[in-house]
Amino acid sequence: MSHTGSCRCGVISADAHGEPFRRAYCHCRDCRKQTGAPVMAFVGFKDEDLTFFGEPQSYRFGGVERVFCGRCGSQIGYRDEELPGRIYLTLGFMDEPQNHPPAFHAFTKRQLPFVELADDLPHFDGFPPER
Ligand SMILES: [Zn+2]
Ligand SMILES: [Zn+2]
């Protein structure tokens with residue numbers, strides 16, 4: 001199955017040829033600040049499986065590069081220096097987000113008290129053992 005993604009205005013899009021290796025929620029403060037959302041969800045792909053169309057802008061801090069559309073401001077995803085060759089796309093960037101249910105929660109020590117998600121997924125205080 002191929003997976004596609006696009007920003008709100010359509011200037012940036014992506015085509016993935018392989019399956020994602022990771023699907024997860026992140027409750028950390030950085031993700032909240034960057035996206036404005038109470039909790040984020042990400043879909044991780046290997047760079048080699050992904051083709052981008054258009055040129056995303058980026059913001060780098062502390063070894064993490066956040067990628068977004070310079071025209072409409074949509075958050076596209078992030079790369080972590082410590083995890084070379086991988087990109088974590090935002091769930092909202094995916095054209096068929098219903099196909100990407102998260103498998104666990106990361107950074108639940110930062111979870112907002114009023115964010116309640118009714119699932120039995122594993123929870124991790126910080127990073128999961130496998131990223
Ligand atoms: Zn855009
Ligand atoms: Zn995060």
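This is a predicted model: local features need pLDDT of at least 70, side-chain atom pairs count only at pLDDT 80 or more; totals for chains, interfaces and linings use all residues.
Trainee: Why is Gly70 called partly exposed?

Mentor: Gly70 has 14 other C-beta atoms within 10 Å. Exposed would need 12 or fewer and buried 20 or more, so Gly70 counts as partly exposed. You will find Gly70 in the loop between strand S7 (64-68) and strand S8 (75-80).

Trainee: How do you know that S1 and S2 are paired strands?

Mentor: Pairing takes at least two bridges. Strand S1 (residues 3-6) and S2 are joined by four bridges, so they pass that cut-off. They run antiparallel, and His3 has Ala16 in S2 as its bridge partner. The two strands form a hairpin with six residues between them.

Trainee: What makes S2 and S5 a pair?

Mentor: Four bridges join S2 to strand S5 (residues 50-53), and at least two are needed, so these strands pair as well. Here Ala14 stands opposite Phe52 in S5.

Trainee: Why are S6 and S10 said to stand at the edges of the sheet?

Mentor: The open sheet has the order S6-S7-S8-S9-S4-S3-S10. Strand S6 (57-61) and strand S10 (105-106) each have a single partner strand, so one side of each is left without a neighbour in the sheet.

Trainee: And how do you know that S6 pairs with S7?

Mentor: Five bridges join S6 to S7; the cut-off is at least two, so they pair. In S7, Val67 is the bridge partner of Ser58.

Key. Residues are numbered from 1 along each chain as its sequence is written. Chains are lettered from A and ligands numbered from 1 in the order in which they are written.
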